[in-house]
There are 2 protein chains.
Amino acid sequence: MQYSGRKYKFHKNTRRVDVRGVAIGGGSQVTLQSMLSVSTTDVEAALRQIRELSVTGCDIVRIALPDKAAVEAFSEIRAQTSMPLVADIHFDHRLAILAAEADADKLRINPGNIGSEAKVREVATAAKERKIPIRIGVNAGSLPKDLADGPLSAKKMLDAASREIEILLNAKFEDIVVSLKAHSPALTVEANRLFAERFDFPLHLGVTEAGLPREGSIRSAIGIGTLLLEGIGDTIRVSLTGNPVEEVIVGKQILMACGLRKSGIELVSCPTCGRCRVDVATITEAISNRLPEIDKHIVVAVMGCEVNGPGEAKAADVGIAGGDGFFLLFKEGKPLGKIREDEAVERLLGEVNRVLVRSN
Amino acid sequence: MQYSGRKYKFHKNTRRVDVRGVAIGGGSQVTLQSMLSVSTTDVEAALRQIRELSVTGCDIVRIALPDKAAVEAFSEIRAQTSMPLVADIHFDHRLAILAAEADADKLRINPGNIGSEAKVREVATAAKERKIPIRIGVNAGSLPKDLADGPLSAKKMLDAASREIEILLNAKFEDIVVSLKAHSPALTVEANRLFAERFDFPLHLGVTEAGLPREGSIRSAIGIGTLLLEGIGDTIRVSLTGNPVEEVIVGKQILMACGLRKSGIELVSCPTCGRCRVDVATITEAISNRLPEIDKHIVVAVMGCEVNGPGEAKAADVGIAGGDGFFLLFKEGKPLGKIREDEAVERLLGEVNRVLVRSN
């Protein structure tokens with residue numbers, strides 16, 4: 001059943017930064033990021049992957065700039081896409097400055113390896129001139145040397161972020177986004193909670209080195225989802241080993257499950273059990289494969305029996321609740337009568353289309 | 001990197017119930033449940049599915065008993081398996097009594113449809129005689145009539161559970177487990193938090209009608225994971241439309257991601273990016289497919305570059321961190337030298353096996 005009761009304190013009152021017209025923080029919609037997996041110097045492949053990510057629903061794309069050749073390729077990519085692009089820099093602060101000059105929309109630096117305070121100040125100056133935000137990307141796997149010794153902790157991750165924030169603020173740079181990522185969802189959650197208690201800079205959420213899509217989605221959903229339900233987090237990135245398009249799909253599902261992205265069709269379907277006298281799994285799969293891509297948010301329920309079936313089917317925009325070889329069809333809370341199992345897919349899709357046409 | 005810092009308040013001090021020797025609550029390991037999707041009266045199919053669930057890692061299996069024929073089939077199933085079995089009853093309290101007589105290890109009743117106080121007392125008496133726990137399974141889609149009107153809320157779900165608890169306690173029945181499930185992870189989390197503040201009965205967690213495996217896993221991971229990280233939850237069930245074996249696989253991943261099931265190999269692998277000069281995705285897939293099933297918990301890292309690679313590879317039991325066409329191999333924090341990309345899978349698996357053999 002749809003839940004529209006007490007709202008969580010979504011969208012904490014963070015500051016807002018602008019990434020090529022896409023807002024992060026300050027109560028704006030939680031955005032979805034991903035990162036190119038192809039080599040940055042392969043401009044064609046990079047542009048192709050940016051397009052794939054874009055059509056899948058990605059708002060902001062990050063690109064690794066490991067060397068000068070990558071910065072040059074980045075300039076070419078930049079010239080050919082309007083997608084907001086984040087330049088990801090490690091070790092060499094001069095590459096960050098070059099990226100700012102090459103019209104990056106945001107810089108990501110890592111406090112564990114970007115070097116001295118003076119170097120960070122230089123980056124801040126270059127970014128400030130061009131009004132480019134900087135993300136301080138703290139990663140449990142690459143903390144600054146003095147913090148990397150001994151056991152990991154949320155406090156150490158917070159300290160790594162705090163130091164860098166102080167340097168940027170001293171340089172009068174305030175367009176800061178911060179991330180605190182770990183492989184452990186628990187540690188990720190704890191570090192971000194500590195941060196949100198102390199700072200009002202927007203947070204980029206992610207569980208890092210989460211693994212292959214299967215287990216990585218679960219780890220990401222727990223870490224990111226727990227924080228989003230508390231109102232912590234302004235932009236997210238799911239890190240999965242493989243094609244980044246998968247990251248965007250999982251990210252959209254996390255946002256939808258948290259009630260933060262209300263577009264598309266939300267499918268409510270039961271796990272079925274020995275009580276079920278209709279083939280819910282096959283019908284749900286068939287419906288899922290044929291549901292249109294839409295901007296509006298509507299709920300479609302496919303339920304197997306009389307226990308939760310009528311409740312969920314009534315609460316949905318369109319729903320069916322199974323009996324013995326038949327379904328009851330509901331539209332907007334009203335029963336439309338019995339339908340046969342073999343016509344369930346067509347009848348349900350027909351009603352979905354009627355709801356969509358009427359709402360246009 | 002592995003996180004062994006401050007522990008969350010896992011295993012809240014709930015009461016403990018016993019389900020055929022499997023403990024739920026009171027600080028015992030969080031157990032994993034699933035439910036048969038085959039017809040209960042197909043005894044062969046039921047036993048086959050129980051075996052599949054068992055080898056996948058399921059601790060407790062639930063079976064729907066919609067009528068007397070199902071109860072009879074349940075008796076046959078019961079006689080042929082040692083798996084703890086939960087009888088799931090709706091509408092007809094007499095079936096619950098018959099199930100108790102047929103040696104069910106636990107009963108699940110739904111306060112929305114089990115009927116009058118007198119009926120619930122009869123069930124309690126039958127369960128008490130046989131020392132069988134009862135789960136009060138509150139479901140947002142099937143609340144008692146007076147609570148089902150108007151908007152859904154966590155408070156209404158809590159009220160539905162409270163009423164039934166009071167009836168059972170009045171009948172001097174205390175072996176109670178409670179679940180409060182909704183399709184919305186936010187509502188599920190809120191209802192369970194309210195419950196845990198007020199009661200110390202063990203909680204069975206789940207997000208219901210979560211949908212097909214893809215989106216259902218994400219919804220379940222957020223709802224269940226958020227609560228587990230707070231120390232709320234004593235047993236879990238992931239509800240997915242499809243084969244229940246999938247529910248157990250996802251459930252295990254949720255428990256592992258929350259640090260609650262430490263067996264098997266935990267794979268840490270990076271999402272790769274334009275910085276990467278080795279084929280992390282292919283190597284990780286190959287390793288994942290060939291890792292042995294083990295009881296011990298060990299961590300294996302496959303990392304693409306020098307940013308987080310050495311940190312994660314060192315922190316793992318066995319790890320590799322990519323360079324330009326090669327990897328650095330680490331075992332238990334120590335570098336073992338450079339290895340070629342084309343030998344990475346074999347070398348890493350070799351070291352994993354050495355770690356496992358030595359630890360036996």
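**Helix packing, domains and ring contacts in the predicted model**

Helix H9 (residues 244-257) of chain A packs against helix H8 (residues 213-229) of chain B at an angle of about 55°, and the two axes are 9 Å apart. H9(A) is therefore oblique to H8(B), an angle of 65 to 115 degrees being needed for a roughly perpendicular pair. The crossing of H9(A) and H8(B) is right-handed. The model described here is predicted.

A helix pair within chain A was also examined. Helix H6 (residues 154-170) and helix H7 (residues 185-198), both of chain A, have axes that come within 8 Å and cross at roughly 45°. The relation of H6(A) to H7(A) is therefore oblique, since angles count as roughly parallel only under 35 degrees. H6(A) passes H7(A) with a right-handed crossing.

Chain A contains 12 helices and 15 strands. The C-alpha trace of chain A extends over about 75 × 40 × 30 Å along its principal axes. Of the 360 residues in chain A, 63% are buried. The chain is divided into domain 1, covering 16-257, and domain 2, covering 264-359. Taken over C-alpha atoms, the centres of domain 1 and domain 2 of chain A are separated by 40 Å.

Aromatic contacts were then considered. With ring centres required to lie within 6.5 Å, the count over all chains comes to 4 aromatic pairs. One of these joins Phe199(B) and Phe201(B), whose ring centres are 6.0 Å apart and whose planes make an angle of 35°, a tilted arrangement. Phe199(B) and Phe201(B) are both buried. In chain A, ring pairs link Phe195(A), Phe199(A) and Phe201(A) into a cluster.

Charged side chains also lie over aromatic rings. In chain A, the charged end of Lys338(A) sits over the ring of Phe326(A), at 4.2 Å from the ring centre. In chain B, Lys338(B) lies over the face of Phe326(B), and the distance to the ring centre is 4.2 Å. Asp324(A) has a relative accessible area of 61% and is exposed, the cut-off for an exposed residue being over 50%. Asp324(A) and Ala160(A), 164 residues apart in sequence, are 61 Å apart in space from C-alpha to C-alpha.

Backbone geometry was examined at loop positions. Phe91(A) is not a glycine, yet has a positive phi of about 70°. Phe91(A) is placed in the loop that runs between strand S5 (85-89) and helix H3 (93-101) of chain A. With a relative accessible area of 39%, Phe91(A) is partly exposed, a value that lies between the limits of 20% for buried and 50% for exposed residues. The C-alpha atom of Phe91(A) is separated by 27 Å from that of Thr31(A), and the two residues are 60 residues apart along the chain.

In chain B, Lys131(B) has a positive phi of about 55°, although this residue is not a glycine. The loop that holds Lys131(B) runs between helix H4 (117-129) and strand S7 (134-139) of chain B. Lys131(B) counts as exposed, at 70% relative accessibility. Asn13(B) is found in the segment before strand S1 (16-19) of chain B. The relative accessible area of Asn13(B) is 69%, and the residue is exposed.

Notes. Residues are numbered from 1 along each chain as its sequence is written. Chains are lettered from A and ligands numbered from 1 in the order in which they are written. This is a predicted model: local features need pLDDT of at least 70, side-chain atom pairs count only at pLDDT 80 or more; totals for chains, interfaces and linings use all residues. Side-chain values use heavy atoms; hydrogens and water are left out. Rings of Phe, Tyr and Trp (its six-membered ring) pair if their centres lie within 6.5 Å; planes under 30 degrees apart count as stacked, over 60 as edge-to-face and the rest as tilted. Buried means under 20% relative accessible area, exposed over 50%, partly exposed in between (1.4 Å probe, protein chains only). A charge sits over a ring if NZ of Lys or CZ of Arg is within 6 Å of the ring centre and within 35 degrees of the ring normal. Domain bounds come from an automatic or database domain assignment. Axes are lines fitted to C-alpha atoms, for helices over the stretch in contact, and angles run from 0 to 180 degrees between N-to-C directions. Helices (H or I, at least four residues) and strands (E, at least two) are DSSP runs, numbered from the N terminus. Angles under 35 degrees count as roughly parallel, over 145 as roughly antiparallel, 65 to 115 as roughly perpendicular and the rest as oblique. A crossing is left-handed if the near helix is turned anticlockwise from the far one by less than a right angle, and right-handed if clockwise.
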